[in-house]
Amino acid sequence: MSYQDEYKRKLVSADEAVKVIKSGDWVDYGQFAGQVVDLDAALARRKDELRDVKIRAVTRAAGVPRAVQEDPGQEHFIYNNWHFGGVDRKLHDQGLCYYIPILFREVPTYYREHMDVDVCMLAVTPMDEHGYFNFGLNNAATMAAIEKAKVVIVEVNRNMPRCLGGSQESVHISRVDYIVESSNWSVPELPPPKICECDEKIAGLIVEQIEDGSCIQLGIGGMPNVVGKLIAQSDLKELGIHTEMMVDAMMEMYLAGKVTGRYKNIDKYKMVYTFAMGSRKLYDFLHNNPAAASYPVDYTNSPQVIAQNDRVVSINNAVEIDLYGQVCAESAGSRQISGTGGQVDYVEGAFLSRGGKSFICISSTFQDKNGQLHSRIVPTLSPGAIVTTSRSTVMYVVTEYGMVNLKGKSTWERAEALISIAHPRFREQLIKEAERLKIWTRTNKLVS
Ligand SMILES: CC(=O)SCCNC(=O)CCNC(=O)[C@H](O)C(C)(C)COP(=O)(O)OP(=O)(O)OC[C@H]1O[C@@H](n2cnc3c(N)ncnc32)[C@H](O)[C@@H]1OP(=O)(O)O
Ligand SMILES: CCCC(=O)O
């Protein structure tokens, strides 16, 4: 049978495909910008026939899933997510989304060895002449989820860019049970990140630390994107990219001629990533582009793999840091706002890389919804806050007031270093708290 015949045999409507889902099933919705839309709507239409279907997704960018919208009482569907974006955190605030704690590099192993997948649904590109559906922007743990699934349903979308790998960037039709041709919805884009003056100051401090030939990882959020933009405008040359998330700023660095990958020790000349989210311009740039290669996340985020490149520079954002150096990058108190993602993977990988550096960026203050200013450098983390990067793992911390390296520093040295880059308005209070916590010695300098 030809691949075209097999395609016709497996082609069904979305309503037909979701009939395979049973009460109590675990159903994967796809990852990041590759989550199903038409299959979600079809599943929502089956609401009254089903109970306790557990949906799993990651970083919803395409609006609230229909299945969740249609079932606010959660009698039929329970929505779980291993990295929150804006949609997910708002659902979580309403009690309609549950976080799955992860180290991103481990997720393929969770699928293969620790999790159940009854039905794996995912958005893909149209089939090629060899019978392959490309995963588009989303490699990550897609193949591991497919391997584990009892049933695989692909939702074909002509607007999904075809992103070259690496490895495990596509699935063969022989492994697919049902094919659904979608309404060719627009692939979700990220709005341009919000950028403040302090982001620019922090980015400036970091760019001074980057050498020609460094290998760059930029994290999620506003700040790392500013760093990328500044690199694009800098005199830096011959940079490499080995990252988790491919973002617009990396495309800008590449188009500005800053990225060649010449000094990488692995995947030379390739920009390596595991998923991409950004503008349509980024998606068009990645389409069939041999300059970039997507790999599964247990490769991109393995500290041992990351460390094979020299001078790795890892740049990630945080929400709060305490005087011991514990970094919270994923919650505001107990309110889950994001996730651990790959932060720990890259902080560890950069440390192991020859000449590597990891930077945790944090604006010194945060203004709450009532306009009140709070220090993000705090004596101890807010009650309920999650430690994302541990105090023993963290290396450089950067605010708009400077940069400190916490590696090898004792508790009183850390307190002094971190207070020196806190907002001046909060420093005196932080010193008093450090004294109370017994992490302040008579030799500590009073930081003004
Ligand atoms: C991707 C890679 O390559 S590897 C690893 C990167 N991954 C990580 O570092 C994982 C964790 N980090 C993250 O997810 C992000 O970097 C973040 C959340 C720390 C920052 O991302 P940004 O998009 O810049 O965050 P932003 O400033 O928009 O804040 C996000 C939300 O948190 C809230 N928030 C942020 N700080 C605080 C705070 N101190 N107190 C209360 N709420 C806060 C904001 O109000 C916003 O919520 P809202 O959407 O309901 O208004
Ligand atoms: C899980 C993906 C996003 C991140 O690492 O922040």
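**Reading the sheets, helices and ligand shells**

Asn81 stands opposite Tyr99 in S4.

Reader: What kind of model is this, and how are its residues, chains and ligands numbered or lettered?

Author: This is a predicted model, in which local features need pLDDT of at least 70, side-chain atom pairs count only at pLDDT 80 or more, and totals for chains, interfaces and linings use all residues. Residues are numbered from 1 along each chain as its sequence is written, while chains are lettered from A and ligands numbered from 1 in the order in which they are written.

Reader: Which strands does S4 belong with, and in what order?

Author: Helices (H or I, at least four residues) and strands (E, at least two) are DSSP runs numbered from the N terminus, and two strands pair if DSSP finds at least two bridges between them. Here S4 belongs to an open sheet of 7 strands with parallel pairing, ordered S4-S3-S2-S1-S5-S7-S9. Strand S4 (98–99) and strand S9 (178–181) each have a single partner strand, so one side of each lacks a neighbour in the sheet. Strand S3 (residues 77–81) runs parallel to S4 and is joined to it by 2 bridges.

Reader: What does UniProt place at residues 3–188?

Author: An unreviewed UniProt entry places there the feature "domain: Acetyl-CoA hydrolase/transferase N-terminal". In the model this span is 25% helix and 22% strand, and its end C-alpha atoms lie 30 Å apart.

Reader: What is the strand order in the open sheet of 6 strands?

Author: The order is S11-S10-S16-S21-S25-S26, with mixed pairing. At the edges stand strand S11 (240–241) and strand S26 (402–405), each with a single partner strand, so one side of each is left without a neighbour in the sheet. Strand S10 (residues 215–218) and strand S16 (residues 312–317) run parallel, joined by 4 bridges; Gln217 has Ser314 of S16 as its bridge partner.

Reader: How does one read the angle between helices H9 and H10?

Author: Axes are lines fitted to C-alpha atoms, for helices over the stretch in contact, and angles run from 0 to 180 degrees between N-to-C directions. Helix H9 (residues 222–233) and helix H10 (residues 248–255) pack at about 5°, with axes 8 Å apart. H9 and H10 are therefore roughly parallel (an angle under 35 degrees). Residues are in contact if their C-beta atoms, placed from the backbone, lie within 7 Å; among those making this contact are Ile231 of H9 and Met253 of H10.

Reader: Which residues are around ligand 2?

Author: A residue counts as near a molecule if its C-beta atom, placed from the backbone, lies within 6 Å of it. Around ligand 2 are His83, Phe104, Ile220, Glu244, Gly339, Gly341 and Gly342.

Reader: Which residues come nearest to ligand 1?

Author: Of the 27 residues around ligand 1, Gly219, Gly221, Asn317, Ala332 and Ser338 come nearest. Helix H5 (86–93), S16 and H14 each supply at least two residues of this shell. Helix H14 (residues 343–352) also lies across S10, S16 and S21, at about 150° to S16.

How values were computed:
Angles under 35 degrees count as roughly parallel, over 145 as roughly antiparallel, 65 to 115 as roughly perpendicular and the rest as oblique. Two residues are in contact if their C-beta atoms, placed from the backbone, lie within 7 Å. UniProt positions are given in the numbering used here, feature names are shortened, and annotations may be inferred rather than shown by experiment.
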